[in-house]
Structures are given as structure tokens and as C-alpha cells.
Amino acid sequence: GGNALTTAATADVISLLCAAPNGVQAYCPDMPELVQTSLNLGIAKLGDRFTATFSVRSSVNGEKEALLQRLRDIAGEFGGSYSQMGEYPAWEYRKDSPLRELMVEVYREMFGSEPQVVAIHAGLECGLLGDKLPGLDCVSYGPQMQDIHTSREKLNIASTARMWRYLLEILKRL
């Protein structure tokens, strides 16, 4: 009298979840500690049908597309459908970046210390710009912030002023 799955449907859901990739799929060859491609099952929901929602991220478009195709194939194997939305283009790490080198030099001169240069595994606007302007040398930087994308988000005003002066100096030198 309830809404339980049949034994066969339960086995299909379990098999699909076991077949679906999850977690880190590849690391960046130039920075082995940096995740290059990953996904996670963010939402599994059972209503009229079973749905699995994945968040797929990669800094290499080809790897991301291959992973999305793998999810399409798995959905098809289990008689399911596939849809895709809300994606960012990849922003691939550039080993040689004249802009990054200039920014490091200017930072050292202005602030008397080494900047923290890191590559991250996330979707950023640089991927959107780089997708429209192939070969674009992009660097993302910003002021100190806390609790980003939450109702407790905070912006350090003094840090914002420093980053503004830094930007003006970079633009002068470009």
C-alpha cells in the first residue's frame, strides 16, 4: 500500500549508483595536487521517478565532455534520460602566463612579499571569457572575503582598496 520500489527497480537504482562515477577523475599534470576533473552526486531524489543530479567540473573541456558523455551513456543503459544545465566552460591552467608573471612582479614591488599563486578547481568568469576569446591570458584575483555565497558573506574594505591600487598599477604596466 506504500510507494516502495519493486525489487527490480531497487536493484536498478543501486546498480546505477554503483556504475556512476563520483569524486576526482583526473589531476592536473603540471600541478599534481590540483584536481583537474571531478564530479559529485549532489542530489538523489525519488518521486514519480528516480533522479540523480551531478555537479561536473573540469579545467579541460575535453575531459568534461567525456565525463558528461559517460553520464549520458549510464542513464541510457538504465533506460533513463539525461539533461544538462548551468555549466561553466573550462578554464585550463596555463603553465606560461605573461600576465601572471607581471602580476607577481608588481605584487612583490608593491607589497614586499610573495603573492599566493594558486590554481583552483572551480567555475569562474575567466572560463566564460576564455571561451569567447581563445588564447586569452586570464588571472583571477581579489580582496579578502569570508563566507562567500552565504548570508554571512563579508568583504575586507582595506583589502579591497589595496587590490584597487594593485589593479591600477598592473594596467599602467600593460
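Two strands pair if DSSP finds at least two bridges between them. Helices (H or I, at least four residues) and strands (E, at least two) are themselves DSSP runs, numbered from the N terminus. The model is predicted, with local features requiring pLDDT of at least 70 and side-chain atom pairs pLDDT 80 or more, while totals for chains, interfaces and linings use all residues. Residues are numbered from 1 along each chain as its sequence is written, and side-chain values use heavy atoms, with hydrogens and water left out.

**The sheet and the helix across it**

Strand β2 (residues 35-46) and β3 run antiparallel and are joined by nine bridges. Within this pairing, Lys45 has Thr51 of β3 as its bridge partner. A hairpin of three residues leads from β2 to β3. On the β1 side, four bridges join β1 to β2, and these strands also run antiparallel; here Gly23 has Leu39 of β2 as its bridge partner.

Taken together, three strands form an open sheet in the order β1-β2-β3, with antiparallel pairing. Its edge strands are β1 (23-27) and β3 (50-58), each of which pairs on one side only. Neighbouring strands of this sheet are turned by 15 degrees against each other on average, direction ignored. Axes are lines fitted to C-alpha atoms, for helices over the stretch in contact, and angles run from 0 to 180 degrees between N-to-C directions. In general, strands of a sheet pair through backbone hydrogen bonds, either parallel or antiparallel.

Helix α2 (residues 61-77) lies across β1, β2 and β3 and runs at about 170 degrees to β3. Contact here means heavy atoms within 4.5 Å.

**Aromatic pairs**

Rings of Phe, Tyr and Trp (its six-membered ring) pair if their centres lie within 6.5 Å; planes under 30 degrees apart count as stacked, over 60 as edge-to-face and the rest as tilted. A search of the whole structure finds four such pairs. One of them joins Tyr107 and Phe111, whose ring centres are 4.7 Å apart and whose planes stand at 55 degrees, so this pair is tilted. Both residues belong to helix α3 (residues 98-111), where they are four residues apart, about one turn of the helix.

Another pair, Tyr141 with Tyr166, is edge-to-face, with 5.3 Å between centres and 90 degrees between planes. Tyr141 sits in the loop between α4 (125-132) and β4 (145-146), and Tyr166 in helix α5 (residues 157-173), so the pair ties together parts 25 residues apart in sequence. Tyr107, Phe111, Tyr141 and Tyr166 form one aromatic cluster.

How exposed are these rings? Residues are classed by relative accessible area: buried under 20%, exposed over 50%, and partly exposed in between (1.4 Å probe, protein chains only). Tyr166 is buried, at 4%. Tyr141 is partly exposed, with 33%, and Phe111 is also partly exposed, with 26%.

**Salt bridges**

A salt bridge is a side-chain nitrogen of Lys or Arg within 4 Å of a carboxyl oxygen of Asp or Glu.

| Salt bridge | Closest N and O atoms |
|---|---|
| Asp30 and Lys95 | 4.0 Å |
| Arg173 and Glu105 | 3.7 Å |

Asp30 and Lys95 form a salt bridge. Asp30 lies in the loop between β1 and β2, and Lys95 in the loop between α2 and α3, so the pair ties together parts 65 residues apart in sequence. Asp30 is partly exposed, at 41%, whereas Lys95 is exposed, at 55%.

The salt bridge of Arg173 with Glu105 has its closest N and O atoms 3.7 Å apart. It links distant parts of the chain, with Arg173 in helix α5 and Glu105 in helix α3, 68 residues apart. Arg173 is partly exposed, at 33%, and Glu105 is partly exposed, at 37%.

In the remaining pair of the table, Glu114 is exposed, at 53%, and Arg108 is partly exposed, at 40%. Salt bridges that share partners join Glu105, Glu109, Glu169, Lys172 and Arg173 into one network. Of these, Lys172 is placed in helix α5 and is exposed, with a relative accessible area of 66%. The C-alpha atoms of Lys172 and Thr160, twelve residues apart along the chain, are separated by 19 Å.
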